[in-house]
Amino acid sequence: MSSTDDLLTMAKLRVRKISSDALDEDIRHHIDFVLADLERIGVHPSWLKKPDALIKEAVLVYCKANYAKTVDDKLTNSYNIILSKIKGRLKYSKVRANDE
């Protein structure tokens, strides 16, 4: 199973979506957006292939914030705070070590 598939499974759980249907593509779109956003702020691609807890949480918070009919502003702010934390950590701009 790829990291994107793992993220999809976790995101579906976070938004309380159990079934597999066409809406999975919407969640996958949110995941792809976050991964691109993380790369935009300087996260090395190796961290995106094997995300740690902080990166996973960024994906899950963004999906939860944007999956409902209306965007949850508190969760959107939380996503932005997580991005700031990731951007402030130098380790994310470097190749991920095997043991991290």
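## Helix pair α4 and α5

Angles under 35 degrees count as roughly parallel, over 145 as roughly antiparallel, 65 to 115 as roughly perpendicular, and anything else as oblique. In this predicted model, the axes of α4 and helix α5 (residues 73-88) cross at roughly 160 degrees and come within 9 Å, so the two helices are roughly antiparallel to each other. The axes here are lines fitted to C-alpha atoms over the stretch in contact, with angles running from 0 to 180 degrees between N-to-C directions.

On the α4 side, the contact (heavy atoms within 4.5 Å) includes L54, V61 and Y62; on the α5 side, Y79, I82 and I86 are among the residues involved. By type, the contact residues of α4 with α5 split into 10 nonpolar, two polar and three charged.

## Aromatic rings

Searching the whole structure turns up three aromatic pairs (ring centres within 6.5 Å). One of them, F33 with Y62, is stacked (planes under 30 degrees apart), at 4.9 Å centre to centre and 25 degrees between the planes. That pair ties together distant parts of the chain: F33 sits in helix α2 (residues 23-40) and Y62 in helix α4 (residues 53-67), 29 residues apart.

## Ground rules

Residues are numbered from 1 along each chain as its sequence is written, and side-chain values use heavy atoms, leaving out hydrogens and water. Local features need pLDDT of at least 70 and side-chain atom pairs 80 or more, whereas totals for chains, interfaces and linings use all residues.

How values were computed
Rings of Phe, Tyr and Trp (its six-membered ring) pair if their centres lie within 6.5 Å; planes under 30 degrees apart count as stacked, over 60 as edge-to-face and the rest as tilted. Helices (H or I, at least four residues) and strands (E, at least two) are DSSP runs, numbered from the N terminus. Ala, Val, Leu, Ile, Met, Phe, Trp, Tyr, Cys and Pro count as nonpolar, Asp, Glu, Lys and Arg as charged, and the others, Gly among them, as polar.
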